[in-house]
Amino acid sequence: MNLRQMASLVADKPPDKIASEALPAERCLTLLAEGVALNVPEIDEAAHKQLRASVGQLALQIPDRASTDEKLIQIRTILHEFEVYRQGVENALRQRQAAWRALADKLLRELLTRIGIEVVAPEASSLLIKIPALVSAEDLAAYQQELNRFLHPVGADGRVNDIAAPLKVADRSTANHNAAGLLGGGSAVEYLKSVMERGGNGFIAIIRLGCLDIISQRFGLEAVQDCLMAVASFLIHSLHSDDAIFHWSDSSLMAILQGRVSESIINAELQRIVSHNRDITVKIEGRTIMLRIPLTFDLTPTELLRDANDLYKLSANPEPNQSKW
Amino acid sequence: MDQVLSAPPLAESAKQTWIDDLPLAYFEMDAMGVITCANRASHALHAIEHGSLVGKTPWEFMPAGEKERSCADYLSLIASGDEPLVVYRSFYTSAGQFRVYQLHRSLIRDPQGRPAGMRVVGIDATESTRELEEAHQASQWQASVLASLPEAVIVSDALGLIHYLNPATEEMLDCSAAELAGKMIEEGVPLLFYSSPEQSELSFRRALQSSSRGSAILLDRQSRQLRVDVSTAPVIDQNCGFVIGAVTILRRISD
């Protein structure tokens, strides 16, 4: 299912559908719950202010010969250093949060596949965004290890036990971090498989959005999603009606362009799209803010792919013959 | 394949009619710049009957200041044999005013390939060049105003990346605009302390939302602490009403 098809389904899928389904993959759910339970308290604003106040008091109590102005300067220098320290800590937390989110995304997708819900259901993504989880690096590593053991259990003879590893047979894309985006990584592979089976030729375009880390930091993940959706929507309206568009990763979209022969025309088309679409508007606290985002794209003929799973190599290793804007 | 793609050759008389009916000014010149043929539209350049342009040079219709340079350029092009670029030239027209023409040109070559003259198509670009010039002047004027402000002005885009700072900012922060351009505003202008009656902190996100005013201590590029008044306001696109960035104004407070 691609974004174009999804757009018509979003309205009639109730958000609580996931919760109302029977959950036969209890182990998967347990792991997910354990992950959520691994919360660590975030440095909050109140604690920060309290710390600032204590630092200030301590500095004022120093009975030296320094003038009040000099003391104030000392306090402010200490506060500046603390700001730098706090920013470092927050960045580390943010990174761990992103790693956790990707992991939880993977788990939830496995779970949804097991209970027969469409993997790209948009509700799944919005649920994940709402999980406020911050885990320590050690917890995250241990958790990931346990997940891997669960997904790929090894029997006494050292061979992977398919019966004991029901999730292994799920869509490969769900086990690939490139497809850990909100929607459709696995669907892109499935879609391309069907295109290739029909003998159709065409091109794969990966459209990458820059500065999303800054947007995430400034305005949050919802703004990042808004940006991705804005570009996706523009692609849907600008490309041919039989072209399929997918979320490919946290910062990229994929378009599978069928029945096209001229690479130079598609190149020109994509150049026009990325140049028109650099200004993206997002709503932040009631204000519409126009963000100028650098967009780039890679274009690869489908003939160069041995099979649909080669899609994963595209984002990891851009080929030298790919067009770059 | 070539036969399919290329247009069939026109008879000389048909070509003459076709060129004569062109809605664009077309004329040809010899190696000395004398007009050898001109279509009907090119006669808008001068209020005389069809055919009378022949034997004249285009420089006769140009303002005095352009004549010599244009003539020299033409002769040098003919001498070099290089394919000419598109140029803009002013001509006195039958409407009694000078109009600017965008000239698309190609060399006429003799059988040996030597330049023997030039074909010229002229498109009236008076309005567009005037608008461009006015926009350029307005932009220059605004840039000059910003550069002349005694307060330090820093403009960042909606992502918080510094796009512009005026000379007063360069002087205050002891750095060049190039050093700070493209940096995050918090990194380029680090505030150690901020206070205002409305808020205890100044965040960029807040600066995008509404105007604010307060006092602060910031670090210049040499890590010296400066006491300043800070005013911020969102930059709003006048056409669409969207916030496209933030402007920060710093005013030094004497210690």
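What is the mean pLDDT of chain B, and what percentage of its residues reach 70 or more? For chain B of this predicted model, the mean pLDDT (the predictor's confidence in each residue, from 0 to 100) is 88, and 92% of the residues reach 70 or more. Over residues 1-7 of chain B, by contrast, pLDDT stays under 50, and the model has zero contacts beyond four places in sequence for this stretch, two residues being in contact if their C-beta atoms, placed from the backbone, lie within 7 Å. Where pLDDT is low, the predicted coordinates should not be read in detail. The model as a whole scores ipTM 0.72 and pTM 0.58.

Residues are numbered from 1 along each chain as its sequence is written, while chains are lettered from A and ligands numbered from 1 in the order in which they are written. Because the model is predicted, local features need pLDDT of at least 70 and side-chain atom pairs count only at pLDDT 80 or more, whereas totals for chains, interfaces and linings use all residues.

Chain A has 12 helices and six strands, taken as DSSP runs (H or I, at least four residues, for helices; E, at least two, for strands) and numbered from the N terminus. Of its 325 residues, 30% are buried, that is, 20 or more other C-beta atoms lie within 10 Å of their own, C-beta atoms being placed from the backbone. Among contacts in chain A between residues at least 6 apart in sequence, 73% join residues at least 24 apart.

Four strands of chain A form an open antiparallel sheet in the order β2-β3-β1-β6, strands being paired if DSSP finds at least two bridges between them. At the edges stand β2 (244-249) and β6 (295-301) of chain A, each with a single partner strand, so one side of each is left without a neighbour in the sheet. The twist averages 20° from one strand to the next. Five bridges join β2(A) to the antiparallel strand β3 (residues 252-258) of chain A, and H247(A) stands opposite L253(A) in β3(A). Helix α11 (residues 263-276) of chain A lies across β1 (202-209), β3 and β6 of chain A and runs at about 160° to β6(A); axes are lines fitted to C-alpha atoms, for helices over the stretch in contact, with angles from 0 to 180 degrees between N-to-C directions.

Residues up to four places away in sequence aside, C227(A) touches L209(A), L212(A), I215(A), I280(A), V282(A), L291(A) and I293(A).

In chain B, five strands form an open antiparallel sheet in the order β2-β1-β5-β4-β3. Here β2 (35-38) and β3 (87-92) of chain B stand at the edges, each with a single partner strand, so one side of each is left without a neighbour in the sheet. β3(B) pairs with strand β4 (residues 98-109) of chain B in the antiparallel sense over six bridges, and R89(B) stands opposite Y101(B) in β4(B).

The contact between the chains takes 16 residues from chain B and 16 residues from chain A. On the side of chain B that touches chain A, β8 (191-195), α8 (204-209) and β11 (243-252) of chain B each supply at least two residues, and the largest share, four residues, comes from α8(B).

Key. A residue is buried if 20 or more other C-beta atoms lie within 10 Å of its own, exposed if 12 or fewer, and partly exposed in between; C-beta atoms are placed from the backbone.
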